[in-house]
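This report describes aromatic pairs and nonpolar cores. Please view the sequence and the structure before reading on.

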Amino acid sequence: RMQKLQPHTAGLKEKYKNDKKKFQMEYMKLMKEHKVNPLGGCLPMLLQMPILIGLWRALDLSIDLRQESFMLWINDLAKPDILHTMSFSILGTNELHLLPIIMIIVWFTQALLQPKSPDPEVQTQQKIFMFMPVIFGVFCYNMPSGLILYWTVSTAMGIVEQQIVKRYYLR
């Protein structure tokens, strides 16, 4: 829906290039007419935050989840997954954690699948979002594997859902 609004948005930007307040008002009116929610992209992430925080606390405090193996190399859902112990240090640890790397790949794939915008400002924003998976991967490198697993699977399911919607409902 946002892509369909791009020509109208460009026209509004040209018309109100010196009056940002008037542009914002007309832009919001345009979004209301076309039934586009400005928070549509952020809202699912905001709804997930309490779940992520709760899961993080549960993994940190629950004795039942400690030392509970999941599958393959994931031996403890309450600690970072350890694929290999190295002789050198990465991000303050000498352990290689595979789940954050998989998370980076899944998030990067999701960023690549987002529709490209002809608007130069939005293109700049999309380029910045291409670096976000790497930043979050570094930030989450030593987090519990259960949390990273949840986040990765959730993102992967979002990609699958996005592809199904594109294929079957947006013809």
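Rings of Phe, Tyr and Trp (its six-membered ring) count as a pair if their centres lie within 6.5 Å; planes under 30 degrees apart are called stacked, over 60 edge-to-face and the rest tilted. By this rule there are four aromatic pairs. The model is predicted, so local features need pLDDT of at least 70 and side-chain atom pairs pLDDT 80 or more, whereas totals for chains, interfaces and linings use all residues. Residues are numbered from 1 along each chain as its sequence is written, and side-chain values use heavy atoms, without hydrogens and water.

Phe136 and Trp151 form an edge-to-face pair, because their ring centres are 6.0 Å apart and their planes stand at 75°. The pair links distant parts of the chain, 15 residues apart: Phe136 lies in helix H5 (residues 120-139) and Trp151 in helix H6 (residues 145-168). Helices are DSSP runs (H or I, at least four residues), numbered from the N terminus. Exposure is given below; buried means under 20% relative accessible area, exposed over 50%, and partly exposed in between (1.4 Å probe, protein chains only).

| Residue | Relative accessible area | Class |
|---|---|---|
| Phe136 | 24% | partly exposed |
| Trp151 | 8% | buried |

A nonpolar core is a set of buried Ala, Val, Leu, Ile, Met, Phe, Trp, Tyr and Cys residues joined through side-chain atoms within 4.5 Å. The largest such core has 13 residues, and Trp151 is among those with the most contacts inside it. Its largest share, four residues, comes from H6.

Conventions:
Helix = DSSP H or I, 4+ residues; strand = E, 2+ residues; numbered from the N terminus.
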